[in-house]
Amino acid sequence: MSGEYQKTYEASINNPDKFWDEAASQIQWFKPYDSVLDDSSKPFYKWFTGGKMNTCYNALDYHVENGRADQTALIYDSPVTGTQKKYTYAELRDNVALFAGALKNNGVTKGDTVIIYMPMIPEAAIAMLACARLGAVHSVVFGGFASNELAIRIDDAKPKLMISASCGIEGKKVIEYKPLLDRAFNIATHKPEKIIIFQREQATATLNEGRDLDWNDAVNNAQPSECVHVDATDPLYILYTSGTTGMPKGVVRDNGGHAVALKWSMQYIYGVNPGDVFWAASDVGWVVGHSYIVYAPLLHGCTTILFEGKPVGTPDPGVFWRIISEHNVKVLFTAPTAFRAIKKEDPSGEYLKKYNIENFKYLFLAGERLDPDTYHWASDLLKVPVIDHWWQTETGWPVAANCMGIEPLPIKAGSPTKPVPGYNVEIIDPDGNVLPNGNEGIVVIKLPLPPGTLPTLWKNDERYKESYLDMYDGYYFTGDGGFYDEDGYLYIMGRIDDVINVAGHRLSTGSMEEVISQHPDVAECAVIGAADDFKGQMPVGFVVLKQGSTKEASEIENELIGMVRDSIGAVASFKKALIVKRLPKTRSGKILRGTMRDIADKKDYRVPSTIDDPSILNEIEQALDTSGG
Ligand code: COA
Ligand code: AMP
């Protein structure tokens, strides 16, 4: 080991101003910043105050003007529609500039919010970059969320305009977006003035006169628009993520710090160079899609891949290898669940034999814990470093990783290695004392967080403080539990709040409980995330019925499953609601969700001394056994 990691890490923590000032020289500034880290209003920190720049300029125009005009910027590969399309940097810039002109014609200016509800098509990235070009703040809502979730986001973000498509394609299913959009529009109190809809040939949306506009018509009437100068601290986007209640948190991302951190991460974490092909197999609706399908690869002058398909079934478990081989991918980033899906269908990796992937260098996995089985399977099959790395929507880029561009460290299965430069990660006990290595506790990050991380929640400084900063003075609370081992490797063991991870998708059990409790027969309920071999976790609901309820348990279960699907979306994967007589509680009435989770996961558990009636735990065990797990 050269010690390069340790040197870089210490430099970032001991002198963040110098460290990030150097990194910022890789970004084009219209006006230089006055300070690197502005800590004048602690606990709120700002990066690069006084600086003016434009994220879209850095992602597109700069490369067009500096020798990359004819390099492929984006490859759209869609096995579900049988299409592929490539955009050079010049073509992508022109498309984005024109669509920005269309947005401008429809009244969008700097500081306005725009909701994007789109499937994995190039127009989704074009829409995001066009907002960035104008200094408008986009908020992408994942296509798997239902109308109610979309409406909640409309009311919080208050978009001037929305951008959508006629449909998404999920494997073999065509999902029409227009009915979902119309329903969300009706539920929401805030009414966006316009909706621009991209018509796909798989389904045509009927447009509402006066409100809806065809994407092509909007573009045909537009002139290309230039990049607007924005402050480094101006918001680039809002991305809603699950918290512990039904009201998602609007994570804000700034422009300057984000561009600096993402560009740095491409070279030093992912080990890629400008011109390389980088593929994040995720969705633009998640933070991985924002950071590593759209912004980071383009900021770094790479070719990015926008994949509309699944790891299996589109058409087979060889599709990842086909794409790596066909497009000469150097680095793939996806969630472990995608690899578990491939492993299930092709355990001996037969499909890989059909493809030459000799230029493939690294597989990065994140979004959920990388279980050692999946790690070993992927690493034995691909014979490249398989890098677990840990981060969150809030941080926007990795907190812990094995930094391939600094110094590859020995890999330990089950650990995302060590904190990335910029992040001072500590493990503390509930009283805030720092724990020695080897002890599991609460994972926190010492303030200030590095550039690119959330400066606050959308129009809600108070909730930002309450959710992340107020628990432990001087720290950001991650919501995860974990420990350091004797070599200083970090292990992330799972959430210690009511957030769960299902197939790499972050969901709130609290929001599912809110839906279930609206059922007329339900007296009370608790939803937990139970371990699942395929999706990592699956939600399981425990429901106590009101006295006098006469419906069959199976009927109620189906109704509850339908309600969650209808209200939150199919992505919630809520498939199990067990009727029980009572919920286990402490004497003060707190539901013992942790104990229920341990029972569901078949772990040895201690009966809490505060439990009101221990016999209820047997009932929970029986309900799970009868339901098959
Ligand atoms: N629009 C509409 N519906 C969607 C959707 C979208 N964008 N994404 C998912 N859904 C639906 C699915 O069709 C499924 O519906 P069903 O209950 O009718 O079958 C449901 O939501 C659950 O989806 P998911 O949990 O993703 O399960 P899946 O069986 O469809 O796919 C994987 C499982 C592992 C193949 C898939 O989740 C995957 O590729 N994940 C890894 C990559 C990733 O996106 N990670 C996120 C962060 S890195
Ligand atoms: P999201 O905001 O959707 O990215 O989800 C963030 C959460 O996913 C984290 O707080 C962790 O609980 C979990 N997570 C993400 N990456 C990892 C990882 N590599 N190992 C363990 N948990 C992870």
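How much area do domain 1 and domain 2 bury between them? In this predicted model, where local features need pLDDT of at least 70, side-chain atom pairs count only at pLDDT 80 or more, and totals for chains, interfaces and linings use all residues, residues are numbered from 1 along each chain as its sequence is written. Side-chain values use heavy atoms, with hydrogens and water left out.

Domain 1 covers 4-309 + 389-482 and domain 2 covers 503-627, with bounds that come from an automatic or database domain assignment. Their contact (heavy atoms within 4.5 Å) takes 17 residues from domain 1 and 14 residues from domain 2. Between them the two domains bury about 1,200 Å², 44% of it on carbon and sulfur atoms, where buried area is the accessible area (1.4 Å probe) that two parts lose on being put together, summed over both.

Among the links across this boundary there are 2 salt bridges, each defined as a side-chain nitrogen of Lys or Arg within 4 Å of a carboxyl oxygen of Asp or Glu. Elsewhere in the description of side chains, Arg183 and Asp566 form a salt bridge, at 3.3 Å from N to O.

Thr334 lies in strand E18, which spans residues 331-334; strands (E, at least two residues) are DSSP runs, numbered from the N terminus. Thr334 is buried, its relative accessible area being 4%, since buried means under 20%, exposed over 50% and partly exposed in between (1.4 Å probe, protein chains only). Leaving aside residues up to four places away in sequence, Thr334 touches Ala281, Phe320, Phe339, Phe364, Leu365 and Ala366.

Notes
Chains lettered and ligands numbered in written order. Helix = DSSP H or I, 4+ residues; strand = E, 2+ residues; numbered from the N terminus.
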